[in-house]
Amino acid sequence: MATVLITLRIMPETIDISLDGLRDAIQQKIETFSGKVLKTEKKPIAFGLMSLEIIFSLDENKGSTESLEEDIKSITGIMNAQVIDVRRAFG
């Protein structure tokens, strides 16, 4: 049973959306999906718009994160949620 590390990029609808509020809502959905949030980071995109990148671990047997992505996209204030990296954890 291997663990994978997944990086998820969240794009808010506007610059006025609180990324901290989104982070808390997303973290709850990830934990419900049996994942564990390891790191969150705000990254500048352009003209004051920031994205939120969340790195979390998940059991490889869980399979696809498609349903989690769709669930996260349903949160008010989120324009897009996309997995940008998946790696197998060692150690």
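In the predicted model, confidence in the protein chain is lowest in helix H2 (residues 66-73), with a mean pLDDT of 94, and highest in strand E1 (residues 3-12), at 96. pLDDT is the predictor's confidence in each residue, from 0 to 100; helices (H or I, at least four residues) and strands (E, at least two) are DSSP runs numbered from the N terminus. The chain mean is 93, and 98% of the residues reach 70 or more. Because the model is predicted, local features need pLDDT of at least 70 and side-chain atom pairs count only at pLDDT 80 or more, while totals for chains, interfaces and linings use all residues. Residues are numbered from 1 along each chain as its sequence is written, and side-chain values use heavy atoms, without hydrogens and water.

An open sheet is formed by 4 antiparallel strands in the order E2-E3-E1-E4, where pairing requires at least two DSSP bridges between two strands. Strands E2 (36-46) and E4 (78-88) stand at the edges with a single partner strand each, so one side of each lacks a neighbour in the sheet. E2 and E3 run antiparallel and are joined by 9 bridges; Lys-36 stands opposite Ser-57 in E3.

Ser-51 is located in strand E3 (residues 49-59). Ser-51 is buried, with a relative accessible area of 1% (buried: under 20%, exposed: over 50%, partly exposed in between; 1.4 Å probe, protein chains only). Residues in contact with Ser-51 (heavy atoms within 4.5 Å) include Arg-9, Met-11, Leu-19 and Ile-45.

Conventions. Lists of a residue's contacts leave out its neighbours within four places in sequence.
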